[in-house]
Amino acid sequence: MNAADREWMHRALMLADCGRFTADPNPRVGCVIVRDGHEVGVGVHWRAGEAHAEVNALQAAGDAARGATAYVSLEPCNHHGRTPPCTEALIAAGVGRVVIAMEDPDPRVCGGGADRLRAAGIAVETGLLEAEARALNPGFVQRMERGRPWVRIKSAISLDGRTAMASGESQWITGEAARNDVQLWRARAGAILTGSGTVLADDPQLNVRRSPTELAAAAGLPESPRLADLPVRQPLRLIVDSGLRTPPTARILQGSPTWVLTTESAAAGPAADVLRGRGADLIVLPEAAEDAAGHLDLQALLAELHTREINELHVEAGPGLAGALARAGLVDEWLVYQAPLLLGSGGRPMVDWDIGRMAERAELEVVESRWLGETLRLRALPRGVPNSL
């Protein structure tokens, strides 16, 4: 593989990112068909159930695909899922070579797609810009490899590290630019998690309020007329509520599907019937084995989300739930918006986590910093966690 191959694969990765807000729960995939050094077809996987990137690129290329090279950000599928196998489309089109950034971690595909292409006489090369390809789909990769979604916690904090006043009042710590940026992170997630305390204090909607076209423009993605035809994809909304304190009038229960995560005993009570009447789905989870306070088993929650094809879990919650996830080692990414104001020593912390010794501190690596007006946005990962977009 040479410099030209790298440039074309960069192009495929850029195309893959165009599906950032629409492809879920499928991975984001891009494809470029190149013949005699010229681009003859490109494709994006826009939406689950629709054609994959390879098929879209082949349709754009037409007869020019014969003998050409296909650059694909993810190994072509070799099974019948929501759509037919992409391997068969590439074989039928007569491509001469396929360059793949990364093998598909889905056990139904892993290695099988490349093997099928080789068996048909097509030259196949893998591993070009693999790290960049994995970073495009942190949730999909982790769900396939570890059986749980990628967990991203968003926090808005003051300069002295507080997320709210002692009363719970928190609107607004950050400015409008930061709140608009949060929309981009909500929109790429499969689900948004909060706690009943946040519902009671802030009555949030936790929804996406921008169209795919607006989201793409705000994220700096290439323009595409296809986005104008796609509806807003609302993430599933989740409320951790072992005591069923969520009021039936809560705005989070309006519109898109909402799960209330609770205990078996609470789900059998009268409050459960009221919430079901408001359209909520009550999901019973076991209580944490080491916790006598009725807290839910967060590992069981993530396992449940894996079965529901949730790739990225976006968390907007108070210090209790954020701390529980952190203590359990379940946080993959911190998204922190820090504003230039002070809330005082009585304010609420970012996480409830009693770390007694410096040697026990949790170390993070800041992988990105960006100013949004007067608010500083930091992205940080626990040491040793691969980067994500």
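Q: Start with helix 1. What span should its 15 residues have, and how far apart are its end C-alpha atoms?
A: This is a predicted model. Helix 1 covers residues 3-17, and at 1.5 Å a residue it should span 21 Å. Its end C-alpha atoms are 21 Å apart, so the two values agree.

Q: What sits at the start of helix 1?
A: Asn2. One of its side-chain oxygens comes within 3.1 Å of the backbone nitrogen of Ala4.

Q: Which residues of helix 1 are buried?
A: Asp5, Trp8, Met9, Ala12, Leu13, Leu15, Ala16 and Asp17.

Q: What is the strand order in the five-strand sheet?
A: The order is 2-1-3-4-5. The sheet is open and its pairing is mixed. Strand 2 and strand 5 (123-126) are the edges; each has a single partner strand, so one side of each lacks a neighbour in the sheet. From one strand to the next, the twist averages 15°.

Q: Do strand 4 and strand 5 pair parallel or antiparallel?
A: Parallel, over four bridges. In one of the pairings, Val99 has Glu125 in strand 5 as its bridge partner.

Q: Remind me, what holds paired strands together?
A: Backbone hydrogen bonds, in either a parallel or an antiparallel arrangement.

Q: Next sheet. In what order do the nine strands come?
A: 11-10-9-8-12-6-13-16-15. This sheet is open too, with mixed pairing. Strand 11 (281-284) and strand 15 (364-372) stand at its edges. Each has a single partner strand, so one side of each has no neighbour in the sheet. Here the twist averages 25° from one strand to the next.

Q: How many bridges join strand 8 to strand 9?
A: Five. They link residues 191-195 of strand 8 with residues 236-240 of strand 9, and the two strands run parallel. Ala191 has Leu236 as its partner in strand 9.

Q: Switching to charges. How many salt bridges are there?
A: The count is 26.

Q: Take Glu316. Which residue does it form a salt bridge with?
A: Arg186. The closest N and O atoms are 2.8 Å apart. The pair links distant parts of the chain, 130 residues apart. Glu316 is in the loop between strand 12 (312-315) and helix 13 (319-327), while Arg186 is in helix 7 (residues 176-188).

Q: Is that pair buried or exposed?
A: Buried, both Glu316 and Arg186.

Q: What about Glu145, which residue does its side chain meet?
A: Arg134, in a salt bridge at 3.0 Å, N to O. Glu145 belongs to helix 6 (residues 138-146) and Arg134 to helix 5 (residues 130-136), 11 residues apart. Glu145 counts as partly exposed because its relative accessibility is 47%. Arg134, at 29%, is partly exposed as well.

Q: Which residue does Arg361 pair with?
A: Glu363, again in a salt bridge at 3.0 Å, N to O. Arg361 is partly exposed with a relative accessible area of 43%, and Glu363 is partly exposed at 42%.

Q: Which residues form the salt-bridge network?
A: Arg28, Arg152, Asp181, Arg188, Glu312, Glu333, Glu368, Arg377 and Arg379. Salt bridges with shared partners join them into one network.

Note on methods. Residues numbered from 1 in each chain as written. Predicted model: local features only at pLDDT ≥ 70, side-chain atom pairs only at ≥ 80, totals over all residues. Heavy atoms only, no water. Pairing = 2+ DSSP bridges. Axes fitted to C-alpha atoms, helices over the stretch in contact; angles between N-to-C directions. Salt bridge = Lys/Arg side-chain N within 4 Å of Asp/Glu carboxyl O. Buried < 20%, exposed > 50% of the residue type's maximum accessible area, 1.4 Å probe, protein only. Expected span 1.5 Å × (residues − 1). Polar contact = N/O pair within 3.5 Å; in protein donor to acceptor, adjacent residues only side chain to side chain.
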